[in-house]
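Here is a model to explore together. Take a look at the fold, and then let's work through a few questions about it.

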Amino acid sequence: MITVVPMNEDRVANHFAKANYLVFLDEQGVEINRVDNPALGANCAGKKKMIDLLVEQQVNQIVVRNIGEQMLGKLLARQFAVYQTDCGSRLLRELSDPIASGLVPLNQSNQGRQSLNHDAKNKSDGCCCASEGKAPEKSNCQSATQHQRRKGHCCHS
């Protein structure tokens, strides 16, 4: 069984998608891999790469401090077991029984944090990634008219 923990330095990161790197652990809590977070500073494509990395590394469970509702929903849809910890100061060592380790199972996407950015995107015709203040790349938007209507949001179809 492989567990991934989002980390900043030697602490569990406060937010899953904003962690500096992902640490992959075996069932005894021994680190087997450490990878820079592909979602850090990236848009939706980076978050997709992050999920693809978890699949590629054959992750079974994920331990987070905080996670967004949308990302949690995507992980649960992919059948990952997601657990929440309030411990940020040490890497978890006993992972074979997450519940006994004091981890809280997250079973529904609404257990994640709501995204203010996601709500804003929905109000702008459901664009995937906000790029306020940035000029869009032509490949990211279907038309200049559509881009203007969305007031700086990048539209991905």
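Helices (H or I, at least four residues) and strands (E, at least two) are DSSP runs, numbered from the N terminus. This is a predicted model, in which local features need pLDDT of at least 70, side-chain atom pairs count only at pLDDT 80 or more, and totals for chains, interfaces and linings use all residues. Residues are numbered from 1 along each chain as its sequence is written, and side-chain values use heavy atoms, with hydrogens and water left out.

Q: What pattern does the chain follow along the sequence?
A: Let's begin with the inventory: the chain has four helices and nine strands. Read in sequence order, they give β-β-β-β-α-β-α-β-β-α-β-α-β.

Q: What percentage of the chain's residues count as buried?
A: Buried means under 20% relative accessible area, exposed over 50%, and partly exposed in between (1.4 Å probe, protein chains only). Of the 157 residues in the chain, the buried share is 41%.

Q: Are H1 and H2 roughly parallel or roughly antiparallel to each other?
A: Helix H1 covers residues 44-56 and helix H2 residues 69-77; their axes come within 11 Å and cross at roughly 30°. Axes here are lines fitted to C-alpha atoms, for helices over the stretch in contact, with angles from 0 to 180 degrees between N-to-C directions. Angles under 35 degrees count as roughly parallel, over 145 as roughly antiparallel, 65 to 115 as roughly perpendicular and the rest as oblique. H1 and H2 are therefore roughly parallel.

Q: Which residues of H2 does H1 meet?
A: Contact means heavy atoms within 4.5 Å. From H1, Lys 47, Met 50, Ile 51 and Leu 54 take part, and their partners in H2 are Met 71, Lys 74 and Leu 75.

Q: Is Gln 58 buried or exposed?
A: Gln 58 sits in the loop between H1 and strand E5 (61-64). Its phi is near 60°, a positive value in a residue other than glycine, while most residues other than glycine have a negative phi. With a relative accessible area of 59%, Gln 58 is exposed.

Q: What is the relative accessibility of Gln 79?
A: Gln 79 lies in the loop between H2 and strand E6 (81-84). Although not a glycine, Gln 79 has a positive phi of about 70°. Gln 79 counts as exposed, at a relative accessibility of 68%.

Q: What distance separates the C-alpha atoms of Pro 105 and Ala 81?
A: Pro 105 belongs to strand E7 (residues 104-106) and is partly exposed, at 29% relative accessibility. Pro 105 and Ala 81 are 24 residues apart along the chain, yet their C-alpha atoms are separated by 7.6 Å.
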